[in-house]
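Below are my notes on the model, as numbered points. Please read them with the coordinates open.

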Amino acid sequence: NDLGQIIWGRYRFDQRPWTSKVMLYDNGVVSELTTGQITPMAPAINNRSVATWTHRIDGRVAIDLWEAGETTLLTDWGCCGVLNDRGQMALSRFHQDTQIWQQWLYRDEQFYRLTDDPFDAGNGEINEAGEVAFGAGRLDIADIYMLQRFALGDLNCDGWLDAFDIEPFIL
C-alpha cells in the first residue's frame, strides 16, 4: 500500500493438508496476522491498514477483515476480497447449485451480487469511487465488465453535473 506496508501469504505445500499464514511487513517489523484459520490465502491491504484474506470454514471459503490487531469474519461464503480505502470490497462467491463463481460488491455493510449469468466471473478490482471491474466468460472467450458509478444528479449519465441534467430530471 502507499504506507509501505506489505502483506503476503506464507505457504507450506510440503505438508498434508497444506498450511499457510498471512504475514504483514510494517515499518521494519514482520508479524503474522492469522490466528488458527485453515489455509488462509489471497491477502490484500488498503491504505487505511485494513487487511483481508480468504480461508476455509467447513469446506467453504470465508473472508476475514483485520484492523488494528483485531480479526473479524466478514462473510462465510466469499473469496478473494479486494478493499478500497472507503471499506468497500469486490469479492467472489462460488454458488454450489450452479457451480459458478459470481462477482459481488460489499458496500455500506451490505452485499450486492453484480453477476447472474451462466459464466464464471473472475476476481475483481475496486477503485476509490466504488467502481468494480472484472472478467467473466468461458475459458475460450471472456468479457470485461465494469460497474460504473455516476454522481448524484447526473441524470443524463454523461459524467457531468450541468444544465443538461435538467431536462432528464423534469421527465
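1. A salt bridge is taken here as a side-chain nitrogen of Lys or Arg within 4 Å of a carboxyl oxygen of Asp or Glu. The model is predicted, so local features need pLDDT of at least 70 and side-chain atom pairs count only at pLDDT 80 or more, while totals for chains, interfaces and linings use all residues. Residues are numbered from 1 along each chain as its sequence is written, and side-chain values use heavy atoms, with hydrogens and water left out.

2. The whole structure holds 4 salt bridges. One of them joins Asp 14 to Arg 12, with N to O at 2.9 Å. Accessibility is classed as buried (under 20% relative accessible area), exposed (over 50%) or partly exposed (in between), using a 1.4 Å probe and protein chains only. Asp 14 is exposed because its relative accessibility is 58%; Arg 12, at 40%, is partly exposed.

3. Arg 60 and Asp 76 form another salt bridge, their closest N and O atoms lying 2.9 Å apart. This pair links distant parts of the chain, 16 residues apart: Arg 60 belongs to strand E6 (residues 60-67), and Asp 76 to the loop between E7 and E8. Strands (E, at least two residues) and helices (H or I, at least four) are DSSP runs numbered from the N terminus. Both residues are partly exposed, Arg 60 at 37% and Asp 76 at 30%.

4. Asp 108 and Arg 107 also meet in a salt bridge, at 3.9 Å from N to O. Asp 108 is exposed at 63% relative accessible area, whereas Arg 107 is buried at 19%.

5. Strands E1, E2 and E3 make an open antiparallel sheet in that order. Strand E1 (6-12) and strand E3 (29-32) are the edges; each has a single partner strand, so one side of each lacks a neighbour in the sheet. Neighbouring strands are turned by 30° against each other on average, direction ignored; the axes are lines fitted to C-alpha atoms, for helices over the stretch in contact, and angles run from 0 to 180 degrees between N-to-C directions. Two strands count as paired if DSSP finds at least two bridges between them. E1 and strand E2 (residues 19-26) have 7 bridges, and Arg 12 has Thr 19 in E2 as its bridge partner.

6. A second open sheet has 4 strands in the order E4-E5-E6-E7, again with antiparallel pairing. Its edges are strand E4 (38-45) and strand E7 (70-75), each with a single partner strand. E4 pairs with strand E5 (residues 51-57) over 4 bridges, and Ile 45 stands opposite Ala 51 in E5.

7. Strand E9 (residues 89-95) is mostly covered, with 5 of its 7 residues buried. On one side of the pairing, strand E8 (residues 79-83) runs antiparallel to E9 over 3 bridges, with Val 82 opposite Ala 90. The E8-E9 hairpin has 5 residues between its strands, and Gly 87 in the turn has a positive phi of about 85°. E9 is also joined to strand E10 (residues 100-107) by 7 bridges, antiparallel. That hairpin has 4 residues between its strands, and Gln 99 in the turn has a positive phi of about 60°.

8. How many disulfides are there? With a disulfide defined as a pair of cysteine sulfur atoms within 2.5 Å, the count is 0. Cys 79 is buried at 9% relative accessibility, and Cys 80 is buried at 17%.
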